[in-house]
Amino acid sequence: MKSKVLIDVNVILDFFLKRNEKNKDLEILFELLDNGKVEGHVTISIIQTCIYFLEKGLGLENTKRIVGVLLERFRLIEGNKKHIFQAIQSDSLDLEDAIHYYIAMDSGIDAIVTNDQNFIKLSSTILPVMSPRAFIETK
């Protein structure tokens with residue numbers, strides 16, 4: 001059974017903007033997604049944040065192409081008011097990460113992949129949050 005993984009915004013931006021020295025790990029991760037070995041998931045807010053930064057870095061037309069690719073390859077999962085309440089009642093110092101964490105938990109996600117070291121601190125036995133390298137090592 002393939003893993004269902006929430007891909008954090010920074011992973012997508014690092015890959016397409018080539019802003020991470022560990023881009024080889026991201027290439028391997030995206031190959032796993034492209035080959036159907038991993039089922040990628042994102043939220044609408046992840047897409048919206050990507051659009052903002054991709055358009056600044058790559059222009060509107062390139063951004064449209066990339067977003068089209070994301071929509072073809074990733075499934076959208078939705079959050080609701082409950083997830084925001086869970087986040088604000090949690091001990092997390094980053095509400096956006098906490099919201100994504102609770103959305104992922106309710107959506108049956110197996111892991112969250114991020115380059116954000118603070119987000120990784122939310123990792124638990126119920127829902128691991130890990131770097132692309134750590135995730136690749138599980139495959």
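Over how many bridges do strand 1 and strand 4 pair, and in which sense? Strand 1 (residues 3–7) and strand 4 (residues 111–113) pair in the parallel sense over 3 bridges.

## About the model

You are looking at a predicted model, in which local features need pLDDT of at least 70, side-chain atom pairs count only at pLDDT 80 or more, and totals for chains, interfaces and linings use all residues. Residues are numbered from 1 along each chain as its sequence is written, and side-chain values use heavy atoms, with hydrogens and water left out.

The open sheet has 5 strands in the order 3-2-1-4-5, with parallel pairing. Strand 3 (74–77) and strand 5 (129–130) stand at the edges, each with a single partner strand, so one side of each has no neighbour in the sheet. Strands (E, at least two residues) and helices (H or I, at least four) are DSSP runs, numbered from the N terminus, and two strands count as paired if DSSP finds at least two bridges between them.

Strand 1 is joined to strand 2 by 4 bridges, and these strands run parallel. Here Ser3 has Val38 of strand 2 as its bridge partner. Strand 2 is in turn joined to strand 3 by 4 bridges, again in parallel, with Val42 opposite Leu76 in strand 3.

Strand 2 is mostly covered, with 6 of its 6 residues buried; buried means under 20% relative accessible area, exposed over 50%, and partly exposed in between (1.4 Å probe, protein chains only). In a regular strand the side chains alternate between the two faces of the sheet. Val38, Gly40 and Val42 point one way from strand 2, while Glu39, His41 and Thr43 point the other way.

His41 lies in strand 2. Why does His41 count as buried? Because its relative accessibility is 4%. Leaving aside neighbours within four places in sequence, His41 is in contact (heavy atoms within 4.5 Å) with residues including Lys4, Val5, Leu6 and Ile7, as well as Phe74, Arg75, Ile77 and Ile109.

Helix 4 (residues 60–73) lies across strand 2 (38–43) and strand 3, running at about 80° to strand 3. For such angles, axes are lines fitted to C-alpha atoms, for helices over the stretch in contact, and the angles run from 0 to 180 degrees between N-to-C directions.

Helix 1 is mostly covered, as 7 of its 9 residues are buried. These are Val9, Asn10, Val11, Ile12, Leu13, Asp14 and Phe15. Lys18 follows helix 1 and is found in the loop between helix 1 (9–17) and helix 2 (23–34). Although Lys18 is not a glycine, its phi is positive, at about 50°. Lys18 is exposed, with a relative accessible area of 64%.

## A nonpolar patch

On the surface, Ile84, Phe85, Ile88 and Leu95 form a nonpolar patch with about 370 Å² of accessible area together. Accessible areas come from the Shrake-Rupley method with a 1.4 Å probe, and for residues only the protein chains shown count as cover. Patches are made of residues with over 30% relative accessible area and no salt bridge, joining nonpolar side chains (Val, Leu, Ile, Met, Phe, Trp, Tyr) within 5 Å and like charges within 9 Å; a salt bridge is a side-chain nitrogen of Lys or Arg within 4 Å of a carboxyl oxygen of Asp or Glu.

Helix 5 (residues 81–89) gives the largest share of the patch, 3 residues. Leu95 is found in helix 6 (residues 95–106) and is partly exposed, with a relative accessible area of 42%.
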